[in-house]
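Please look over the sequence and the model shown below before reading the report.

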Amino acid sequence: MKPLTDEEKYENLSPNSQEFNGVFFTAVKSTGIYCLPSCTARRPKRENVEFYDCALEAEKNGYRACKRCLPNLCGVPWVDHKESIELVVPKSFRFKECLVYLDRSTNECLHRVKGDAFLKLLKFEDVLVLIKIESAGQKLHVTFLNEVPTKWVRAQVAKYVWDLFDLGTNLSKFYEVAKRDPILHGLVERYKGLRIVKIMDVFEGFCWAILGQQINLPFAYTLKRRFVEAYGEKMVYEDERYYLFPSPEIISTIEVEDLKKLQISTRKAEYIIGVAKAFQEGTLKKTDITFEKDYEALKSQFVALRGIGNWTADYVIMKCSSINQAFPIADVGIHNALKGILSLEKKPTVTEIEKLAENWRGWEAYVTFYLWRWLYD
Ligand SMILES: [Zn+2]
């Protein structure tokens with residue numbers, strides 16, 4: 001199909017037609033809001049309208065999603081039941097496989113896994129929402145535990161859950177790659193439907209990676225818990241505490257000494273506060289990071305930050321962006337998994353892994369996640 005000109009796009013703004021929803025988005029300069037072509041709000045003047053190909057691009061340019069037509073939910077199959085919401089998930093998704101990963105530490109402080117349910121505290125525009133996610137057939141059922149939020153917030157929760165489990169990624173190419181690969185073949189058979197569980201807060205992604213540098217996982221969880229309990233917002237529900245990750249706004253104002261009291265090393269404290277300042281000053285922006293499709297560009301931006309080496313940069317890209325090329329090749333977990341799967345006497349070298357990874361181009365992040373999953377069996 002020939003791409004539409006801006007004039008044709010403007011002509012096709014109509015509440016009576018869904019045809020162009022998802023094809024383009026309209027952003028209105030005078031209001032700072034972007035919409036679907038089918039929005040029922042008053043038709044904007046031609047000179048005030050800009051057009052974008054995707055919702056994230058409009059957001060990157062400073063526009064907010066319209067609360068009437070919910071353009072950022074375009075392509076997310078969700079059903080609003082008010083008391084709860086439902087998401088229709090792709091066939092290649094198994095919630096249970098993701099839960100195994102999420103339940104890997106009893107010291108996790110940012111969510112709880114209870115039986116087959118996942119509980120997490122979220123915040124949208126100053127509203128705290130405690131959600132419970134359960135799986136039922138081809139659907140994810142999300143219940144609001146503390147109170148039922150507005151329709152706008154319910155929609156944002158739907159979008160959050162969709163992105164958290166990376167449900168928008170088409171895995172068929174990855175599975176094709178896996179079919180021809182001796183290592184992936186078995187992993188994919190075993191964990192089919194596993195998707196990368198994202199860290200939706202990019203600042204959290206950086207902090208978690210920094211905290212985890214050169215220490216074992218249990219100690220990293222302890223440090224995260226102390227940090228979150230000291231600076232994160234919380235809600236008590238049925239005598240249990242649920243936390244939000246601390247914001248860059250707060251962390252950019254604290255001192256290295258404050259974090260050293262939590263047994264976080266001087267270096268790590270400096271890195272974390274440095275990243276918080278980068279977010280506060282706007283050097284790092286969540287919308288830019290999630291919108292970026294160029295792996296090399298994002299990685300060079302990250303490694304320019306103090307304390308962010310290759311492993312940390314790749315970890316953050318893998319967990320916080322939609323780029324599946326990220327490969328934290330120096331990761332001990334990857335090495336241990338490969339040693340086990342290939343029954344090697346010792347861990348493979350980076351050169352050996354690079355050789356294996358030639359088959360995995362474009363899907364390295366997924367390979368990493370599947371290798372990590374193998375460690376939890
Ligand atoms: Zn609208």
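The following report covers a sheet, a helix pair and a loop residue.

This is a predicted model, in which local features need pLDDT of at least 70 and side-chain atom pairs count only at pLDDT 80 or more, while totals for chains, interfaces and linings use all residues. Residues are numbered from 1 along each chain as its sequence is written.

Helices (H or I, at least four residues) and strands (E, at least two) are DSSP runs, numbered from the N terminus. An open sheet is formed by 4 strands in the order S3-S1-S2-S4, with mixed pairing, where two strands pair if DSSP finds at least two bridges between them. Strands S3 and S4 are the edge strands, each pairing on one side only. Strands S1 and S2 run antiparallel and are joined by 3 bridges, and Thr-26 has Cys-35 in S2 as its bridge partner.

| Strand | Residues |
|---|---|
| S1 | residues 25-28 |
| S2 | residues 33-35 |
| S3 | residues 49-52 |
| S4 | residues 64-65 |

The axes of helix H6 (residues 182-191) and helix H17 (residues 364-375) come within 10 Å and cross at roughly 70 degrees; axes are lines fitted to C-alpha atoms, for helices over the stretch in contact, and angles run from 0 to 180 degrees between N-to-C directions. H6 and H17 are therefore roughly perpendicular to each other, a term for angles of 65 to 115 degrees. In this contact (C-beta atoms, placed from the backbone, within 7 Å), Leu-184, Leu-187, Val-188 and Tyr-191 of H6 meet Val-367, Tyr-370, Arg-373 and Trp-374 of H17.

Asn-359 lies in the loop between helix H16 (350-356) and H17, and touches Val-177 and Asp-181, leaving aside residues up to four places away in sequence.

Key
Angles under 35 degrees count as roughly parallel, over 145 as roughly antiparallel, 65 to 115 as roughly perpendicular and the rest as oblique. Two residues are in contact if their C-beta atoms, placed from the backbone, lie within 7 Å.
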